[in-house]
Amino acid sequence: GAIFNPAATIGFAVVSQQGGWWWLGYIAAQISGSVVATLLNRLFLDPPKDGSSPSLLSKFMSEFVGTFFLLFAVGCNTLLGSKAGALSIAATLMIMIYALSPISGAHLNPAFTLCDFMAKKTSGKRALGYMSSHITGAILAGRLVAFMGLVPAEGYDGFSHGFSHIIPELLYTSMLCFVMMNATCEEATRGNE
């Protein structure tokens, strides 16, 4: 349903011709979501107010949370066959970069972290921590998508069209890393080691 707002849920429930108490489940999920967001923000992601750099734990959690939400969007859009998947995924990436860039630089991708490390903009310690956070976030997002019953169609092997997908993967990963190196890794957004 993608409502994300208890007031809107009540509004839709009032005018809906669908009977029952379905809207209570939505409201419970929305309120629970706000509690989870508050806890994540206060415990791990809230940037220091005194101007100091966020802790390494905050940076690693930032990368984990951003990657988790990005890959969850990818999984839901891809496996549900969304016609606007690219827009939804791009919007998720954009808002995660906006929200998390002040904390960690919002790499959200081991390929980009490797690129940033090779360009000597990220230390080896931070790069390994970020990549571990990305992989963990991706695995948990994938497990959640599978738990929801969204799995690739039987017989899907990822190579059903030969290797024609390799060139776009190479080019678009290159484009993404190029844009991110020039947009998210300013010295001011990265903070101190």
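**Tour of a nonpolar patch and some ring pairs**

Select Ile167, Leu170, Leu171, Tyr172, Met175, Phe178 and Val179: together they make a nonpolar surface patch of about 800 Å². A patch here takes residues with over 30% relative accessible area and no salt bridge, and joins nonpolar side chains (Val, Leu, Ile, Met, Phe, Trp, Tyr) within 5 Å, or like charges within 9 Å. A salt bridge is a side-chain nitrogen of Lys or Arg within 4 Å of a carboxyl oxygen of Asp or Glu. Areas come from the Shrake-Rupley method with a 1.4 Å probe, and for residues only the protein chains shown count as cover.

This is a predicted model, in which local features need pLDDT of at least 70, side-chain atom pairs count only at pLDDT 80 or more, and totals for chains, interfaces and linings use all residues. Residues are numbered from 1 along each chain as its sequence is written, and side-chain values use heavy atoms, leaving out hydrogens and water.

Stay on Ile167, which lies in helix 7 (residues 166-183); helices are DSSP runs of H or I, at least four residues, numbered from the N terminus. Ile167 is exposed at 58% relative accessible area (exposed is over 50%, buried under 20%, partly exposed in between).

Next come the rings, with 6 aromatic pairs in the count (ring centres within 6.5 Å; planes under 30 degrees apart are stacked, over 60 edge-to-face, the rest tilted). Select Trp21 and Trp23, a tilted pair at 5.7 Å centre to centre and 40° between the planes. Trp21 is exposed at 63%, while Trp23 is partly exposed at 22%.

Then select Phe68 and Phe69, an edge-to-face pair at 5.4 Å and 80°. Phe68 is buried at 17%; Phe69 is partly exposed at 38%.

Methods:
Buried < 20%, exposed > 50% of the residue type's maximum accessible area, 1.4 Å probe, protein only. Helix = DSSP H or I, 4+ residues; strand = E, 2+ residues; numbered from the N terminus.
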